[in-house]
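This report covers charge pairing, nonpolar packing and a few side-chain contacts. The sequence and structure come before the details.

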Amino acid sequence: MPGLLRGVARTAVVAGTATAVSNRVSRRQAGRWAQQDDQQQASQQAAAPPPPPPGDDMTAKMDQLKQLGDLKAQGVLTEEEFAAQKAKILGS
């Protein structure tokens with residue numbers, strides 16, 4: 001009988017340890033994914049020009065082009081991204 005209890009106890013300890021390790025790994029991975037999502041959202045928000053404010057259309061376009069130029073100068077936008085956004089602003 002003591003051998004049986006020892007075996008059951010050992011199995012319970014191993015199962016409990018495995019569960020704890022598995023939960024810790026899952027939480028750590030979820031935290032990493034959340035951090036990557038936050039970084040991607042921040043970079044997408046920085047690259048997207050703000051919507052045009054209501055009012056004078058030409059002034060709004062000029063302001064957007066200036067902001068795009070600033071983003072390009074800071075290295076946030078590549079030449080291709082800058083050209084695409086510029087065409088979108090001027091085409092609208």
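How many salt bridges does a search of the whole structure find? The search finds one. The model is a predicted one.

The salt bridge joins Lys72 and Glu79, whose closest N and O atoms are 2.9 Å apart. Side chains of opposite charge can pair when their charged atoms come close. Lys72 also lies over the face of Phe82, at 5.0 Å from the ring centre. The count of aromatic pairs, in contrast, comes to zero.

Phe82 belongs to the largest nonpolar core, which has five residues in all: Leu68, Leu71, Leu77, Phe82 and Ile89. Helix H2 (57-74) and helix H3 (79-91) are the elements that give two or more residues to this core.

Leu90 is placed in helix H3. Leaving aside residues up to four places away in sequence, Leu90 touches Lys61 and Leu65. Between the C-alpha atoms of Leu90 and Gln64 there are 9.9 Å, and these two residues stand 26 residues apart along the chain.

Is Leu90 buried or partly exposed? Leu90 counts as partly exposed because its relative accessibility is 49%, and the buried class needs a value under 20%.

| Residue | Relative accessible area | Class |
|---|---|---|
| Lys72 | 32% | partly exposed |
| Glu79 | 45% | partly exposed |
| Leu90 | 49% | partly exposed |

Note on methods: Residues numbered from 1 in each chain as written. Predicted model: local features only at pLDDT ≥ 70, side-chain atom pairs only at ≥ 80, totals over all residues. Heavy atoms only, no water. Phe/Tyr/Trp six-rings, centres within 6.5 Å; stacked < 30°, edge-to-face > 60°. Lys NZ or Arg CZ within 6 Å of the ring centre and 35° of its normal. Core = buried A, V, L, I, M, F, W, Y, C linked by side-chain atoms within 4.5 Å. Buried < 20%, exposed > 50% of the residue type's maximum accessible area, 1.4 Å probe, protein only. Helix = DSSP H or I, 4+ residues; strand = E, 2+ residues; numbered from the N terminus. Salt bridge = Lys/Arg side-chain N within 4 Å of Asp/Glu carboxyl O. Contact = heavy atoms within 4.5 Å.
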